[in-house]
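I opened the notebook to record, entry by entry, what I looked up in this structure. I began with the strands, went on to the helix pairs and ended with some loop residues.

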Amino acid sequence: MAESNNPQATLAWDGKAVSFPVVEGSEGERAVDVSNLRGQTGLVTLDPGFVNTGACRSAITFLDGERGILRYRGYPIEQLAEYSNFLEVAHLLIYGRLPSEKEFGRFEYEVKHHTMIHEDLKRFYEALPKDSHPMAVCSAVVGALSAFYKELADPRNAEQVDGAALRLVAKMPTIAAYSYKHSIGQPFVYPMNSLDYPADFLHMMFATPCEEYAVEPALAKALDLLLILHADHEQNCSTSTVRLVGSSMANLFASVSAGISALWGPLHGGANQAVIEMLEEIERGAETPASFMSKVKDKKNSVRLMGFGHRVYKNFDPRARILKKACGEVLSALGRTDRLFDIALGLEEIALKDDYFVSRKLYPNVDFYSGIIYRALGIPTNMFTVLFAMGRLPGWIAHWKEMHADPAFKIGRPRQIYIGEKRREYQAVSLRT
Ligand code: CMC
C-alpha cells in the first residue's frame, strides 16, 4: 500500500498492476475502494459473510471492536447511557444531532400523538395464531403499515419519509405490546400520553382494564437504558437488511419489517432469548456450568455459549459492561436476586479464564446480560427480541435515510462466483436415468 497524500493499493494480477484508492474514515480506519475493480480487471471480490467488506460510508455510529468503543454520532455510549434518554438518542440518530429543548419537546409531542394504531390494524392481529412468535407478528404488522400509510410510502419524498419514520417510532411500542396481549388473550391497552416512552410501553404490556396499574419508575428507567444501548450498531445483519431492501426503493415500513425478520435469528437479536433458555437449562440441572462449557468447546457439538462472541468486538462489548452493572442495580432496586444472573456471572468467569475463549477473543456481548433485566421487568422470554427491535428502530431509520441521501446510492446487488454445472442440453423425461 503506497503512503502518500493519495494512498493507493496495487493489485498485481495476470502480468498487470492496477491501483485502487485507499480511503480513510474520520477515526483513521482505511479501506481499499474497489468500486472500479470489475471495470478495470474483470475480477470481483469474494468475501463470504462480508467479513472484510465496507458496504458504505456512514456518519452514524463508530465502533472499534479491538478497543471496545461504541459512539453514536460521536457521543460515547457510556455518556448517552448515563445522561440521555431513548427518544433523545432516537432524535440524535435519525436527525444527526442532539435536539435543543424546543426540538425535543416537539419531537416527543409528535411521537406521543402518533402512538395509536388504526383500529382496522388491530383486527389484523386476530388473523394470526395466538402462539405465533411475537417477532413474526411484529414483522407482519410493521409491513402492513405500508398498506395503511400509502401516502407516506414514497422513498423519494423527504416529508413522507419523515412522516413514516415518526409513525414507526411512535407505533412500535404499541405494536410490540399488542403482540404480547394478543398472545395471552388479554384486551389491548391503549397508549397513554401522560406517560413517557418506556413507561407507556410497560403500561400497554402489563395494565388491564380491571385495575389501576402504576409503572415503577426504576423499571421504566431500566427499559430506557436497554433501548439506548440497542439503538444502533452500524452495519449489522438487520441494518444491512434494511439498507438492502431500501436500496430497491421499497418504502421505509417494508424495509423495517425485513429488518425485524433479520433480527429474529439466534445469531443476531434472537440471542437474548437463547441466552436465557441456556441459563434456564443449566438452572434446571440438565447441565452444570462446567459440563455445558465442555460441550461448547467440543467441536463435535454445534452448541455455542450464547451471548458470547461478536463479529466486530474482539474485546468486551461496552454495552455488556454497562448492562452487567445495570443488572445488579435493577435487581437490588427491586430487592430481588436472580439465580440466572449468578449462573451468567459464573459462566463469564469460567470463559474469561479459559484458553478456548481467550484465544478466540470471545467476550460477553450485549445479549449476555440484557435478558436478566428483561426478566426483572417481567418481560416474557419470547418478547426479548421484540424489545431489541424497538431499540434498534432509530438506527434502522437513520441508515435507511443516510443511504438514500448518499450521492453514491445504488441498488444493493452483490456478485457471486458460480460453481454449478456448465452448459448442458435439456433431455426429455423419457431419456433421463
Ligand atoms: N461459543 C463458542 N464458540 C464460539 C462462539 C460462542 N458463542 N462464538 C464464536 N465461537 C468460535 C467459533 O466456533 C469459531 O471457532 P473456530 O475458529 O475454532 O472455528 C470462532 O469462535 C470464530 O467464530 P465465528 O462464528 O467464525 O465468528 P463470527 O464473527 O462469524 O460470528 C457470532 C459471530 C456473534 C455469530 C458468534 O460469536 C456467535 O454465534 N455467538 C453466539 C450468538 C450470539 O451471542 N449472538 C449475538 C451477537 S451480538 C448482538 C447481535 O448482533 O445481535
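Before reading any pairing I wrote down that two strands pair if DSSP finds at least two bridges between them. I also noted that helices (H or I, at least four residues) and strands (E, at least two) are DSSP runs, numbered from the N terminus.

With that settled, I found that Asp 64 stands opposite Ile 69 in S5. I noted that the model is predicted, that local features need pLDDT of at least 70 and side-chain atom pairs pLDDT 80 or more, and that totals for chains, interfaces and linings use all residues. Residues are numbered from 1 along each chain as its sequence is written, and side-chain values use heavy atoms, with hydrogens and water left out.

**Entry on the strands.** I looked up the pairing of S4 with strand S5 (residues 69-72), and it is antiparallel over 4 bridges. These strands belong to an open sheet of 3 strands in the order S4-S5-S6, with antiparallel pairing. Its edge strands are S4 (61-64) and S6 (75-76), each of which pairs on one side only. I then turned to strand S1 (residues 8-13) and strand S2 (residues 16-24), which pair in the antiparallel sense over 6 bridges. Leu 11 has Val 18 in S2 as its bridge partner. The hairpin of S1 and S2 has 2 residues between the strands, and there Asp 14 takes a positive phi near 55°.

**Entry on H5 and H7.** Two packed helices are described by the angle between their axes and the distance between the axes. Axes are lines fitted to C-alpha atoms, for helices over the stretch in contact, and angles run from 0 to 180 degrees between N-to-C directions. Helix H5 (residues 119-126) and helix H7 (residues 158-184) pack at about 40°, with axes 10 Å apart. That angle makes H5 oblique to H7, since angles under 35 degrees count as roughly parallel, over 145 as roughly antiparallel, 65 to 115 as roughly perpendicular and the rest as oblique. For contact I used heavy atoms within 4.5 Å. Lys 122, Tyr 125 and Glu 126 in H5 meet a set of H7 residues that includes Thr 174, Tyr 178 and His 182.

**Entry on H10 and H11.** Helix H10 (residues 237-246) and helix H11 (residues 252-264) pack at an angle of about 150°, and their axes are 8 Å apart. I therefore wrote down that H10 is roughly antiparallel to H11. Among the residues that meet are Thr 241 and Val 245 in H10, and Ala 258 and Ala 262 in H11.

**Entry on the loops.** Where is the place of Lys 314? I found Lys 314 in the loop between helix H13 (289-297) and helix H14 (318-333). Lys 314 is partly exposed, with a relative accessible area of 27%; buried means under 20%, exposed over 50% and partly exposed in between (1.4 Å probe, protein chains only). Leaving aside its neighbours within four places in sequence, Lys 314 is in contact with Gly 65, Glu 66, Lys 361 and Tyr 363. From Lys 314 to Tyr 363 I noted 49 residues in sequence and 7.2 Å in space, C-alpha to C-alpha.

I followed one of those contacts, Lys 361, to the loop between helix H16 (355-359) and helix H17 (366-376). Lys 361 is partly exposed at a relative accessible area of 40%, and its phi is near 55°, a positive value in a residue other than glycine.
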